[in-house]
Amino acid sequence: MNRLKQNGHSNSSKQNGHSRSISNLPNRKEWDSCLPLPALSFPAATGIVFLFAITCFVNSYHGDFVFDDSEAILSNNDLKPETPLSDLFVHDFWGNKLDSKTSHKSYRPLTVLTFRWNYWLSGGAFPMSFHIVNIILHGLVCVLMLIIFSLVLSGYHTDAKGQIVFGAPKSSLLCAVLFAVHPVHTESVAGIVGRADLLCALLFILSFICYVRSCCQEISFLPNRSLHRPETFSMAWLCLCLVLCGLSVLCKEQGITVIGVCSAYDIIVICKIDVLKFLGLKKSGMNAKNDSSPSNIDQRPSGEWFKSLCVRHIFLVIIGLTILVTRWRVMGSAPPIFQVFDNPHSFVNNTLIRALNYNYLYALNCWILVNPWWLCFDWSMGSVPTIDSVSDPRLLAVIVMWAVLIFLLYSAVIQEVGQEQRVLTMALALLIVPFLPASNLFFRVGFVIAERVLYLSTAGFCILVVMGICKLHQKCPSINIRYFVFFLVSIFMLRSIQRSNEWNTEMSLFTSGAKTCPLNAKIHYNIGKINSDVGNVEQAISKYRLAISLNPDYDQAMNNLGNLLKDQGQNMEAELLLQKAVEIRPDFAAAWMNLGIVQAALKKQKEAEQSYHTALRHRRKYPDCYYNLGNLYLDMGQHQLALSAWRNATLQKPSHLNAWSNMVILLDNLEKLEQAELVGKEAIRHVPNDPTPYFNLANVIGKANRYQESEQYFLKAIHLSGKSPASKMYANLGVLYHRWEKPAEAERAYLKALEIEPANQSVLQNLQMLLRKYNRKGHS
C-alpha cells in the first residue's frame, strides 16, 4: 500500500477537491473528538503500538519450551536439517504423517518451516530465538492492525497526491493499543506453537489490505454526500490478496476466514449496501445521520458497480472452495479423530443440549475477552463440565450473551444504516468470522476453549470497546473517560506481563492453570509428570491420584502412576491400574508394555509375554517393548528368543544401548566370544560416543587373551566417561593387567577403582591377591 498520511482534523469542505474516499470525513472527526489521545501521524502511532506490544510480552523471551512446544519442536524431526524439506508438506504440525490415524490433521507447513529456520540459525532447539521471533511477529501484527482499524473506522481515503490517509487517528490508535496489550494473546506470543496464529494473522491482515486496495485504487473523486461505489477493480491486487489468503491457511487453518471479512467489508463499507433493504426485507427510509450516501440511494442490483462486486465475489468463492477442497484432500479426505476428553461438549447425544453446550462455550469465550484475568493454558478434562439439562443455571450466561449480540445486530442491521452502523457491523464481522472454524459448527474441534483462536477476534472486540467509550462520552459528557482509558490499558498491560511470566516455565504455567481450572485432570497430570521428572515421587503420585479421581477414565494418568508404583515395588496396585488403563483404551501400547513389565516382576511370565505381544500388535515399531520382551525371555532361559528380541530392538532403534549391551553380555556368558565381538563392534558403530559398548567389547576381547587390544578399548571407555568413570571400568582393567602379568599397572587400576568405590569388596580381594603374588615373587 501507499504510505499512510495522517488526516488530522480538517473539515469536509477542504477535502472536496483533493481526495477520494469511500466514507464521509466528518465521521472520523466524531470518532476522535471524545478520546483523550493525541492525533499522531501514522509513523508515530506505529512506534507507540509496537512499543506497547513488545513491552507486554518481552519478559517471555527467556522462557522454556512449555506444554505443546515439546511435541511441536523438541520431538519434531521436521525441524532437523537432515530431514528432507519435502517432509514438511506431507506431515502435520507435530511431524506426524497426515494419513496417520493419530494425526490431528493440522497442516501448517509454513509455520513449521519458520521453526526449522529458527533451529538452523540458533544451532539447535534453543528456546530464546524462538521466543524472540514470536514477540517481534506480535509487534508487526499490531502495527498492521492499526491500518485495519483505520480502514474499518473511517474507510479508505487518499489525498491529492494519491497517498492513503490515516483516518480516525485517535480511535484507531486506541483500538491498536488495546489489541497489542490484551492478555488473551499471551498463549499465542509466549507459547512458541502460537506462532501459527501470529503468522496466520500477519498474512490475514496483508490479504485484507490488498483486497481493499484492489477495490479502491480506481475510485475517482465524487462530491461529498454522494455514493462512492467502485465500478472497476485491480486484478493484480485481488490476485495478491488471494495468494496471501492461501499462504495464511498454510500457517493455520483460520486464515481462510479472511475471505468472509473481505466480503463483508466490500458489501458494507465499499459498496455501502444495506443488506436487508437490498433483499427487500426492509422498507426504504431516511438513512442515519452522517451517512455518506443520500437517503434515496437505489439499492437494486444494477449498474457496473454491482457487476464488479459480483466478479470479485466469484473470485472469492472459487478460491475459498479451492482451498477447502485442497485442504480436505491433504487431510486424506477424512476429519481428525478426537477423544471424548478432548471436547466432551461435542459428544453430548441430545442435539438441543449439545447446541446449548456450544452456546455456553461461546459465552465463555466472550467472557475471556471481557475478563482476561480468567485464563488457562488448557480447558479440557473437566475444566468446563457439560450442561446436561435446560435447567442448568449456567444457561443464564447464554441468555446474556445472546441479549447483547441481538442488541448489537439490531443496531447494526435493522436500523437505517449509516457510518456508525457500518463500523459496528464490521466489528461484529471481525469478532465472529475468524472464530467460526473453532465454533464446532462445521466440524468437531479438538479443544473446549483455546485462547489462541481468539487472536484475530480480539480486533472486533477492541472496536466494540472503543465505540462503547465514545457512546459513553456522548451520553454522559461530564464523565472524564481519560481515567477509564488509562485504567483499562494499564490493567491489561499488567495482566499480560504477569501472564507471560507464568508461561516461562511449565511448573509456573501448570500451577497457575490449577488455580483457574481446579477440576482439570490434565493439569494435575502435567504437574505430576514434572514432579516425577525431577524426582519428587511422592508429590507426583499425589497429583496422579488426584487426576484419576477427577477423571476415573484417565488412562494416561493410570499408566504413569502404575510406573511409579512399580518402581517403588508396589506391583500389585500397579498391575490393577495398568489393567484398567488397557481396558479403557485397548490399543494403548505403552500401557500394555508396562503391564508386561509388572507381570514379569510378579513372575507371571506367560501373562507378561502376552502383554508384550499385544503392545507390539498395536505399535509395530516399538524398540523398548522388544527390549523388555528380550529380558523376559532371558529370565525364562530362552536365550535365542532373547537375542532375537534384542536384535529387533536395535534394528528399529540402532542407538538402543541397553539392547546392544545385553546381547554382548549374554553371548559372552554363553562363551560365544566371536559373535559377542561382532555384536560389540556393531554397537560401537551405532553408538560411538558412549563408553558402555567399548567396556563390553574390552571384556570380551580380554577374555580371548588379546590383552593389548582389550586395554585400548578399556582406556577408550574410561576416556569417554569423562570425570566420572564407573568403578567397574578400573576394576576390570586391573583384572586385565593382573592376568597380563603387569602388576604395577594392575595395582594402580585397583587403587583407582577403590578411590571411586572404597567399599568394593571384589576389588579389595583382587588387590590382596595381587599383593600376595608380589610377595611370593619378591616384589616390594
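**Salt bridges, stop by stop**

Select Arg706 and Glu709 to begin: their side chains form a salt bridge, with N and O 2.9 Å apart. The model is predicted. Arg706 has a relative accessible area of 30%, so with buried set at under 20% and exposed at over 50% it counts as partly exposed. Glu709 is partly exposed as well, at 27%.

Together with Arg706 and Glu709 they are linked in a network of salt bridges.

Next, go to Glu420 and Lys471. This pair is a salt bridge whose closest N and O atoms lie 2.9 Å apart. Glu420 sits in helix α15 (residues 419–432) and Lys471 in helix α16 (residues 457–475), so the contact ties together parts 51 residues apart in sequence. Glu420 is partly exposed, with a relative accessible area of 31%, and Lys471 is partly exposed at 34%.

Then select Lys522 and Asp378, where the side chains meet in a salt bridge with an N to O distance of 3.5 Å. Lys522 belongs to helix α19 (residues 521–533), while Asp378 is in the loop between α13 (351–370) and α14 (395–414); the pair therefore ties together parts that are 144 residues apart in sequence. Which of the two is buried, and which is partly exposed? Asp378 is buried, with a relative accessible area of 9%, whereas Lys522 is partly exposed at 26%.

Note on methods
Residues numbered from 1 in each chain as written. Predicted model: local features only at pLDDT ≥ 70, side-chain atom pairs only at ≥ 80, totals over all residues. Heavy atoms only, no water. Salt bridge = Lys/Arg side-chain N within 4 Å of Asp/Glu carboxyl O. Helix = DSSP H or I, 4+ residues; strand = E, 2+ residues; numbered from the N terminus. Buried < 20%, exposed > 50% of the residue type's maximum accessible area, 1.4 Å probe, protein only.
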